[in-house]
Amino acid sequence: MSAIPARRDGSEHSDWDLPRRPAVPRFAHGSRVPGWDDAVDLTKDPAVVPDLATTPVPEGLRERVEAAMSRYPDRRSAAIPALHAAQEEYGWCSPEAIDQVAAVMRVTPAYLTSVATFYDMLVTEPKGRNDVFVCTNISCSLRGADAIFEAMSAAAADEEDITVRSFECLGACDIAPMASVNGEYVGPLERGDVARIVADLLAGREVLEEKQLRRRPCADPGAAEQ
Amino acid sequence: MRKILFDRIDEPGLNTLAVYERRGGYDALRKALGMSREEVLQELLASAIRGRGGAGFQMGKKVSFLPKGEMDKYLVCNADESEPGTFKDRELMQKSPHMLIEGIVIAAYAGGIDRAFLYIRGEYEYQADILDAALEEARAAGYIGERILGSELTLSLVLHRGAGAYICGEETGLLDSLEGKRGNPRLKPPFPAVEGLYDGPTLINNVETLATVPHIIAMGGAEYAKIGTETSTGTKLVSVSGDVKRPGNYEVELGIPSREIIYDLAGGPPDGRTVKLWFPGGSSAPVLTAEDLDVPYDFDSMAKAGSMLGSGAIIVVDDSHPVLEVAIKLAKFYAHESCGKCVPCREGTNWTVKMLERIESGEATPMDLDIMASVQEQIIGNCLCVLGDAMAMPIGSIIEKYRPELEAHIEAARERANSGALEDVVALGVADDYAGPMPVH
């Protein structure tokens with residue numbers, strides 16, 4: 001068989017640099033699967049329910065988790081509210097935070113990790129204190145949400161304290177394109193608004209006050225009459 | 001046009017008990033508690049109100065399926081409104097939370113239920129805060145708690161905030177999530193009315209359905225059934241979004257022509273544009289075209305037109321958007337939100353995205369459209385829940401109705417991708433002495 005000849009510049013020919021072939025995203029060790037080498041350490045025993053006596057838990061967090069547990073017939077129902085509380089306390093669901101909640105709830109950390117990784121709002125990696133969710137679902141994208149998301153990401157690129165994410169439908173297509181800034185819905189957004197959002201967040205002001213959803217009247221003209 | 005849910009919805013302070021009571025709030029609860037459980041159930045049955053969450057199942061029937069007798073029964077209000085294009089419950093909860101609470105208490109009375117949960121999506125933080133405050137007021141006033149207004153009825157109502165997962169709007173996924181697990185749907189049957197939350201009989205209803213209950217009791221079920229059409233009674237909140245001049249929530253009588261909603265209420269597409277396609281019931285509904293604009297907006301007419309009323313969310317796409325752009329957005333959403341429990345949905349949504357992206361990058365052939373259509377067929381009906389179907393139905397209808405446009409797109413993208421290919425090969429310096437891999441001898 002004939003070998004594939006070397007290129008004229010002497011570099012080796014590879015299948016992957018044929019023209020216009022879309023690049024396959026590669027992760028560690030050339031794998032196509034992200035995080036495949038992020039395996040569990042099989043030499044360790046599985047984590048058991050952490051002991052509350054040896055796991056220090058901040059008083060406020062403990063009270064919130066216990067209050068959540070008391071509201072349900074089954075204490076495990078409090079998993080999401082408890083993880084929300086931990087995320088507020090630490091900024092993200094860190095392994096330590098999950099251990100603490102697990103100790104109070106008397107469940108294994110693995111159980112809570114399985115819950116935390118399922119839901120978009122619970123984050124198991126460090127993030128900034130301020131969340132900006134830009135909706136890029138269909139109704140918003142029809143009105144230019146993808147450009148807003150790019151502009152927003154660029155505007156906050158240097159801000160460690162602001163995490164910008166594209167999000168699935170946030171349920172506010174009437175103000176499309178929109179974003180949820182620390183839970184406050186704002187829209188319809190224009191390109192110029194992204195700098196305002198960053199400035200307002202850094203200054204600790206109300207974000208984009210005149211575009212907040214809560215100030216918006218009902219669109220139905222008949223709702224005001226009668 | 002008659003407003004029931006949106007009647008003076010913007011009145012300042014309507015989210016407080018004082019204003020709500022001044023407008024006659026909780027009178028329907030008093031009236032219901034003066035009737036027997038059976039009579040309240042009869043009113044709900046007579047109203048023939050169909051669920052406003054998407055499936056359109058008659059609410060009264062759902063209540064009547066609950067087993068009778070003393071046992072732990074639950075009511076869950078589904079406020080995990082995440083169907084793309086839907087935002088009606090948000091406005092209702094934010095502006096008139098007590099209407100919903102009153103409806104929950106009456107429905108619990110009809111079903112003989114003493115524990116209720118309100119599962120609201122985690123993103124609705126402001127609305128959840130408003131509901132929390134309203135619940136506090138209602139508890140203090142004795143509308144929730146033990147022996148409500150001196151009657152037999154005891155009810156606890158807990159607000160539960162979700163954490164962002166579309167699948168938790170599916171009723172059994174919601175139940176798992178409420179039990180503190182990952183929100184994976186369950187096998188049905190048993191249906192929640194028999195075995196639901198904590199294995200007890202559970203009544204699950206959408207916010208809008210429950211918020212209508214006080215009005216049904218106040219005016220009488222038979223009177224309510226006179227509004228709308230025979231099989232789709234009452235008024236419906238419609239969320240109109242996308243390429244329209246006045247997006248927003250509108251309350252309409254079921255059965256009015258869809259054109260009236262899109263053009264008269266929402267203002268129609270921007271000037272100089274025309275409606276290309278529209279989703280009548282959220283992004284999960286098969287798409288309709290401009291020719292279907294005169295279809296009456298009710299459950300049965302939409303089904304006859306080959307689509308569905310769903311959650312009552314109209315998304316309008318005008319002629320400036322390629323249909324491929326819409327299809328990719330849709331498929332990516334469902335691929336992201338698939339919980340991964342059933343293979344047809346997990347793999348089907350994923351591969352549909354890949355195939356659509358091949359069309360975009362110019363690697364597809366018209367045969368890919370057939371493969372994609374067959375993937376959609378193999379998803380429908382083969383999973384525990386309808387999330388996969390919710391992608392397969394609109395994508396399938398887009399392939400069917402916009403095949404010429406997609407084929408043109410495939411051709412154009414292929415030409416774009418191939419133009420200059422020869423120059424590239426020459427530039428690589430292999431064209432003159434290398435003619436591709438040789439057969440192995």
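From the N terminus on, chain A runs α-α-α-α-β-α-α-β-β-β-α. That makes seven helices and four strands. Helices (H or I, at least four residues) and strands (E, at least two) are DSSP runs, numbered from the N terminus. The model is predicted: local features need pLDDT of at least 70, side-chain atom pairs count only at pLDDT 80 or more, and totals for chains, interfaces and linings use all residues. Residues are numbered from 1 along each chain as its sequence is written, while chains are lettered from A and ligands numbered from 1 in the order in which they are written.

**Chain A and its interface**

Chain A has 226 residues, and 39% of them are buried. A residue is buried if 20 or more other C-beta atoms lie within 10 Å of its own, exposed if 12 or fewer, and partly exposed in between, with C-beta atoms placed from the backbone. Two residues are in contact if their C-beta atoms, placed from the backbone, lie within 7 Å. Among contacts in chain A with a separation of 6 or more, 59% join residues 24 or more positions apart.

Across the interface, 50 residues of chain A are in contact with 67 residues of chain B. On the chain A side, the elements giving two or more residues are α2 (79-90), α4 (109-116) and α5 (138-142). This side divides into 27 nonpolar, 12 polar and 11 charged residues. Here Ala, Val, Leu, Ile, Met, Phe, Trp, Tyr, Cys and Pro count as nonpolar, Asp, Glu, Lys and Arg as charged, and the others, Gly among them, as polar.

**Nonpolar cores**

A nonpolar core is a set of buried Ala, Val, Leu, Ile, Met, Phe, Trp, Tyr and Cys residues joined through C-beta atoms within 7 Å. The largest has 158 residues. Those with the most contacts inside it are Leu83(A), Val101(A), Ile104(B), Ile106(B), Ile261(B) and Trp278(B). Helix α6(B) gives the most to this core, with 10 residues. Leaving aside neighbours within four places in sequence, Val101(A) is in contact with Val65(A), Ala82(A), Leu83(A), Ala86(A) and Leu112(A). Apart from this core lies another, of 34 residues, including Val134(A), Tyr185(A), Val186(A) and Ile197(A).

**Helix α6 of chain B**

Helix α6(B) covers residues 97-111. At 1.5 Å a residue, its 15 residues should span 21 Å, and its end C-alpha atoms are 21 Å apart, which agrees. The expected span is 1.5 Å times one less than the number of residues. Of the 15 residues of α6(B), 15 are buried, so the helix is largely enclosed by the rest of the structure. Just after α6(B), Gly112(B) takes a positive phi of about 65 degrees.

**Strands of chain B**

Strand β2(B), residues 115-120, has six of six residues buried, so it is largely enclosed by the rest of the structure. Arg115(B), Phe117(B) and Tyr119(B) point one way; Ala116(B), Leu118(B) and Ile120(B) point the other way. Two strands pair if DSSP finds at least two bridges between them.

| Strands | Bridges | Direction |
|---|---|---|
| β1(B) (74-79) and β2(B) | Six | Parallel |
| β2(B) and β3(B) (156-161) | Six | Parallel |
| β7(B) (275-279) and β8(B) | Two | Antiparallel |

Ala79(B) has Ile120(B) of β2(B) as its bridge partner. Leu118(B) has Leu159(B) of β3(B). Trp278(B) stands opposite Leu288(B) in β8(B).

An open sheet of five strands has the order β6-β5-β9-β7-β8 in chain B, with mixed pairing. Strands β6 (248-253) and β8 (288-289) of chain B stand at the edges, each with a single partner strand, so one side of each is left without a neighbour in the sheet.

**Domains of chain B**

Domain bounds come from an automatic or database domain assignment. For chain B it gives domain 1 (17-225), domain 2 (235-318) and domain 3 (323-421). The centres of domain 1 and domain 2 of chain B, taken over C-alpha atoms, are separated by 27 Å. Between them, 13 residues of domain 1 are in contact with 16 residues of domain 2. The domain 1 side has two nonpolar, five polar and six charged residues.

**Gly267 of chain B**

Gly267(B) lies in the loop between α11 (258-265) and β7 of chain B. Gly267(B) is partly exposed, with 15 other C-beta atoms within 10 Å. Leaving aside neighbours within four places in sequence, Gly267(B) is in contact with Val244(B), Lys245(B) and Arg246(B). Gly267(B) and Glu125(B) are 142 residues apart in sequence and 30 Å apart in space, C-alpha to C-alpha.
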